[in-house]
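These are my notebook entries on one protein chain.

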Amino acid sequence: MALSFLARERSVAAPGYSRWLVPPAALAIHLSIGQAYAFSVFKNPLLALHATNGGAWNQKEVGYIFSIAIAFLGISAALFGAWLEKAGPRRAMFYAAICFASGFFVSAVGAQLHSLALIYLGYGVIGGIGLGLGYISPVSTLIKWFPDRPGLSTGLAIMGFGGGAMIGGPLASNLMAHFKAHGQAVIPMTFLAMGVLYFIFMMYGVFTIRVPAPGWKPEGYVPSEKHSALISSHNVDVTTAWKTPQFFLLWIVLCTNVTAGIGILEQASPMIQDLFKGTIGPAAAVGFVGLLSLFNMGGRFFWASVSDYIGRKGTYFCFFTIGAILYFLLPKIHTVGAFVGVACLLLSMYGGGFATIPAYLKDLFGGYHVSAIHGRVLTAWSTAGIVGPLIVNGILDHYVAIGRPKAQAYPLILHIMCALLVVGFLANLMIRPVAEKYWMQEKTA
């Protein structure tokens with residue numbers, strides 16, 4: 001039937017196909033779903049929209065939309081990872097596009113009816129499932145196409161998620177301005193337009209993605225003679241990987257790195273204005289957020305590429321040692337330039353953690369079920385997406401409640417992030433090769 005085009009066997013690359021056409025297909029998906037990082041542009045318009053109808057949504061209620069989306073990203077990635085390995089990336093990308101676009105359409109109805117529950121369902125649940133499917137769908141395919149540079153290949157795609165806000169933010173702002181100028185329902189029409197535009201863009205990835213033929217290797221590729229104990233030549237099934245200590249150590253590694261990054265990312269604009277009151281205004285704070293997004297994106301490519309040379313464990317060693325020191329020192333920095341520079345470096349390592357984890361998983365567990373294992377590890381992101389904001393906002397609310405300036409809360413927040421990175425450092429230090437008892441009996445990938 002028509003959907004037979006989505007079958008895995010229909011996406012096997014013909015002889016002569018260039019593997020460099022695969023990263024753009026993956027980027028089309030990740031640049032689209034990376035719009036989630038720009039959700040904050042809708043917060044004030046949603047508050048204003050409901051206020052005109054006599055309602056009173058608050059910041060926390062609107063903020064739950066993003067939290068639900070990130071939670072369902074991790075849940076769907078964990079649930080559908082094993083299915084993806086069988087169904088192939090094309091089908092997974094197609095369903096991701098359907099869910100992500102449908103999330104906008106349902107949210108448009110919710111905005112029109114002033115129903116926050118419908119927006120939770122649309123952008124949060126349905127769109128969040130699209131996020132999870134889209135995030136993991138290209139990973140194992142890229143690793144198979146680039147056995148010589150697994151870090152670089154996943155970095156190329158996953159940097160798109162970090163940079164999605166650079167497209168999604170201005171796109172949403174311009175669309176809202178356009179519909180407002182024409183006297184139309186601003187947020188509902190913006191959601192509808194974005195759903196259509198992102199679906200079309202994601203379909204480029206669906207139509208162009210290819211998987212390598214069985215036994216394919218890059219021309220002239222010779223496996224490195226240098227052997228690392230952490231790079232396994234054996235495969236571990238996803239149901240078995242779940243039971244290994246390495247899986248849970250990597251879960252802690254990702255969760256602590258992400259939670260610390262959210263300590264800056266989630267509160268970036270208010271934080272720099274609070275710490276440099278009278279020097280940094282709202283416009284400059286927007287520029288600071290944009291710069292953090294740029295380093296978040298660039299760090300995904302840079303650090304993942306570096307990991308091909310110094311190893312994944314060495315890369316995370318950099319994140320946790322350099323990061324812990326910088327988080328500890330950040331509250332003591334009193335010049336804007338130095339503060340911005342340190343924050344940008346920290347955000348590059350936050351992004352780098354996302355891009356390096358798939359290659360780390362491939363090193364330890366082999367390539368057979370890497371997408372499925374990656375999906376389950378991403379529940380660490382869902383956890384961090386909830387825990388990080390709770391830590392930050394809880395401490396800030398406490399300081400406000402006792403009548404102390406918010407600026408005085410940031411040293412405690414940043415030192416907690418420093419402590420989290422120390423925990424991540426210890427977890428990374430404990431990672432060892434996967435024991436032979438967990439290996440699959442036959443080498444499959």
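**Entry 1: a pair between Lys and Asp.** I looked up Lys-406 and Asp-274 and found that their side chains meet in a salt bridge, with 3.6 Å from N to O. The pair links distant parts of the chain, as the two residues are 132 positions apart. I placed Lys-406 in the loop between α16 and α17 (410-429), and Asp-274 in helix α11 (residues 268-275). I recorded that the model is a predicted one.

Lys-406 counts as partly exposed, because its relative accessibility is 31%, a value between the cut-offs of 20% and 50%. Asp-274 has 13% relative accessibility and therefore counts as buried, since the cut-off for buried is under 20%.

**Entry 2: the pairs of Asp-308.** I noted a general point: side chains of opposite charge can pair when their charged atoms come close. The side chain of Asp-308 forms a salt bridge with that of Arg-312, at 2.9 Å from N to O. Both Arg-312 and Asp-308 are buried. Salt bridges with shared partners join these two residues, Arg-149 and Asp-363 into one network.

Arg-149 is partly exposed, with a relative accessible area of 24%.

How many salt bridges are there by this rule? I recorded a count of 5. For the charges as a whole, I noted 27 positive and 14 negative side chains, and the centres of the two sets lie 4 Å apart.

**Entry 3: a residue in α16.** I turned to Ser-382, which lies in helix α16 (residues 379-401). Its relative accessible area is 9%, so Ser-382 is buried. Beyond its neighbours within four places in sequence, Ser-382 is in contact with Ile-70, Ala-71, Leu-73, Gly-74 and Ile-75.

**Entry 4: the whole chain.** I recorded 17 helices and 0 strands. The radius of gyration is 22 Å, close to the 22 Å of the globule rule for 445 residues, so the chain is as compact as a globular protein of that length. The C-alpha trace spans about 65 × 55 × 35 Å along its principal axes. Of the 445 residues, 54% count as buried. The accessible surface comes to about 18300 Å², and carbon and sulfur atoms hold 68% of it.

How values were computed: Residues are numbered from 1 along each chain as its sequence is written. This is a predicted model: local features need pLDDT of at least 70, side-chain atom pairs count only at pLDDT 80 or more; totals for chains, interfaces and linings use all residues. Side-chain values use heavy atoms; hydrogens and water are left out. Helices (H or I, at least four residues) and strands (E, at least two) are DSSP runs, numbered from the N terminus. The radius of gyration is taken over C-alpha atoms; the globule rule is 2.2 Å times the number of residues to the power 0.38. Buried means under 20% relative accessible area, exposed over 50%, partly exposed in between (1.4 Å probe, protein chains only). Accessible areas come from the Shrake-Rupley method with a 1.4 Å probe; for residues, only the protein chains shown count as cover. Lys and Arg count as positive and Asp and Glu as negative; His and the chain ends are not counted. The place of a charge is taken as NZ of Lys, CZ of Arg, CG of Asp or CD of Glu. Contact means heavy atoms within 4.5 Å. A salt bridge is a side-chain nitrogen of Lys or Arg within 4 Å of a carboxyl oxygen of Asp or Glu.
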